[in-house]
Amino acid sequence: MSAPFNSTSFLRDALDLAVENVESGLGGPFAALVVEDDTVLARGTNRVTTVHDPTAHAEITAIRAACQERGHFELEGCTLISTCEPCPMCLGAIYWARLDRVVYAATRTDAAQAGFDDDHIYQEIDTPPADRRIPMTQHLETEAQRPFEAWRDYEERVEY
């Protein structure tokens with residue numbers, strides 16, 4: 001990773017982008033940037049309500065755009081700048097994308113006070129699947145191994 005950079009200007013840019021997103025009516029009050037070598041590789045804003053996609057969070061849209069720009073599914077060497085502490089879904093995507101770090105402005109408590117409370121999702125993570133608010137049950141345990149066996153046997157697989 002390159003030398004540390006001053007994230008303040010990137011955070012301010014993301015905050016401006018989030019306000020523009022709200023004022024344009026395109027989505028919620030969230031924006032994110034993926035920064036590589038002190039340069040913005042990609043931008044993303046929340047588009048959940050306008051594209052009818054519950055996964056269209058700012059961090060996800062920025063990660064998707066950055067991966068397309070890089071032509072790869074990993075973002076090692078990059079920093080995610082976000083207007084808010086990432087939700088559990090975005091946190092998972094951050095780890096899958098292998099970003100180096102995350103810098104954010106508002107906390108998840110700030111988001112909850114504005115009506116975006118994801119604490120119930122954090123609580124569900126540690127709850128056994130059968131006891132979750134949306135019950136989850138496993139079936140076809142033996143047959144479920146077939147795709148993994150195919151993956152292990154596929155010589156041209158790309159590990160991730």
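Student: What volume does the largest pocket have?

Tutor: On a 1 Å grid over the protein atoms alone, a pocket is an open set of points where a 1.4 Å probe fits, with protein on both sides within 12 Å along at least five of seven lines, and lining residues have an atom within 4 Å of a point. Grid points are joined across faces, edges and corners, and the volume is the space filled by probe spheres set on the points. Here the largest pocket has a volume of about 470 Å³. This is a predicted model, in which local features need pLDDT of at least 70 and side-chain atom pairs count only at pLDDT 80 or more, while totals for chains, interfaces and linings use all residues. Residues are numbered from 1 along each chain as its sequence is written, and side-chain values use heavy atoms, with hydrogens and water left out.

Student: Which residues are the closest to the centre of the largest pocket?

Tutor: Of the 24 residues that line the largest pocket, those closest to its centre are Phe 30, His 57, Cys 87, Phe 116 and Asp 118. Helices are DSSP runs of H or I with at least four residues, strands are runs of E with at least two, and both are numbered from the N terminus; among the helices, α4 gives the most to this lining, with three residues.

Student: Which elements give two or more residues to the lining of the second largest pocket?

Tutor: That pocket holds about 170 Å³ of space, and its lining includes Phe 73, Trp 96 and Tyr 160. The elements that give two or more residues to it are α3 and α4, and α3 gives the most, with four residues.

Student: How many aromatic pairs does a search of the whole structure find?

Tutor: Rings of Phe, Tyr and Trp (its six-membered ring) pair if their centres lie within 6.5 Å, and planes under 30 degrees apart count as stacked, over 60 as edge-to-face and the rest as tilted. The search finds four aromatic pairs. Phe 73 and Tyr 160 form one that is edge-to-face, 5.9 Å centre to centre with 75° between the planes. Phe 73 lies in the loop between α3 (58–70) and β3 (78–84) and Tyr 160 in the segment after α7 (146–153), so this pair ties together parts that are 87 residues apart in sequence. Trp 151 and Tyr 160 also form an edge-to-face pair, at 6.2 Å centre to centre.

Student: Which residues do ring pairs link into a cluster?

Tutor: The cluster consists of Phe 73, Trp 96, Trp 151 and Tyr 160.
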